[in-house]
Amino acid sequence: MVKCVFFLAILLMSFSYAQTIRVAVFSGDKINRISFSYDISSYSIYADTLYVGELNKSDFVDLVALDSSKVKLIFGVLEIGSYKKIKLIQNQSHGFLTLTQKNTEIKPRKYVGDFEITRNKNGLSIVNVVNLEDYIAGVVESEGGVGHHLEYYKAQAVLSRTYALKNLSRHEKAGYDLCDRVHCQAYLNKWRFSNTILQAVAETKQEVLSHGDSSLVEGFYHANCGGQTSSADYVWNESLPYLSPVIDTFCIHAKQANWEKRISKAKWELFFKEKYFISESDSFFAFEQFNFKQENRKAFFISPKYGIPLRDIRDEFNLKSTYFSCFDEGEFVLLKGKGYGHGVGLCQEGAMKMAKSKFTYQQILMYYYSGTTIVDLSTIQNKSFFNKSSKEPITFETYFENSTAEKME
Ligand SMILES: [Zn+2]
Ligand SMILES: [Zn+2]
């Protein structure tokens, strides 16, 4: 009997990993009015605790942000009232809706799963409550684009899944897990175009990247490393054994491998003087600031003794990467740079090329994350991120009770 209960518990645990996550969509935009229209599956509409009705074929609901911290609900042409929270709950799994913003240039988007809409200080807060694997398919398409090899998509899926689970508490205070921007991971639509992406997500279902003590890695990735990935501490002041720099010959002829930018010398000089108090009598700095070179990636500009992290320069001048060298061009300093992004972890264009050259997704991940292992979620010892699942609906009632979306952003 005891044995039976034990196996039942194991069985239930493995089912519980089919979890949903809460992603704020249109999170970078100020939204005052949005329309949800039918695509696949009917949806039940709830306004606070009131059941309003069903959204069926050719139906739509309009939601408007009101000053009173409430949301006005219009069902078709019928004004229903104003409420604190509106929920749209799918009646069949994998249902999805089209979200159209009125009076803005932003294109309509489609998202799969449920929706919770509240008022926040910017307008409407729209949280998509989505199955993890459906979310990953949307992320892989948003982050990787279409037309790539299956093995690249599989590597991206494992990494995006790892990153999502590792960062679930990022926006906890605002009442959701992740945003839909690059800050977390781009999630600009549900999966739409490439069947190869769906195949990659399905074939790597529940797989994550883990290291030594069987916890999740920080699943960082970027567009192009420029030929050498960054050490984690170049970017976050924290070194991680599985994220040591890698020489990458796969990405150096790719689209984002090189860039150039001209900046006026006066502006360049002023930044160092004002922010780092570099003395005018420092003739070494005066010369080097226009002639600094990086054969290999460095963390600091000119010398660590000046305490100028290259990432600060990247932020200030909006550069594609920190991997650049300077050339004196009279009135301007010419920056010739390599790569695009922070350079830590997997290089997407390198991984795409590896996949084309017949490397498997396991080999791709091990190339950028040496010493890590691909494991099934159920084998991860530290499951603190699964505590989140206690918020998820077992029944509709518990869904309401446990939801944190009441909190304003
Ligand atoms: Zn975020
Ligand atoms: Zn690379």
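**Exercises on helix ends and helix packing**

Helix 6 is followed by Phe277, whose phi is positive, near 50°. The model is a predicted one, in which local features need pLDDT of at least 70, side-chain atom pairs count only at pLDDT 80 or more, and totals for chains, interfaces and linings use all residues. Residues are numbered from 1 along each chain as its sequence is written.

**Exercise 1.** Classify the packing of helix 3 against helix 4 from the angle between them.

*Solution.* With axes fitted as lines to C-alpha atoms over the stretch in contact, and angles running from 0 to 180 degrees between N-to-C directions, helix 3 (residues 150–166) and helix 4 (residues 195–203) pack at about 50°, their axes 8 Å apart. Helix 3 is therefore oblique to helix 4, given that angles under 35 degrees count as roughly parallel, over 145 as roughly antiparallel, 65 to 115 as roughly perpendicular and the rest as oblique.

**Exercise 2.** Decide whether Glu133 is buried, partly exposed or exposed.

*Solution.* Glu133 lies in helix 2 (residues 132–144). A residue is buried with 20 or more other C-beta atoms within 10 Å of its own, exposed with 12 or fewer, and partly exposed in between, C-beta atoms being placed from the backbone; because Glu133 has 18 such neighbours, it counts as partly exposed. Glu133 is also 8.1 Å from Arg161, C-alpha to C-alpha, although 28 residues separate them in sequence.

Methods:
Chains lettered and ligands numbered in written order. Helix = DSSP H or I, 4+ residues; strand = E, 2+ residues; numbered from the N terminus.
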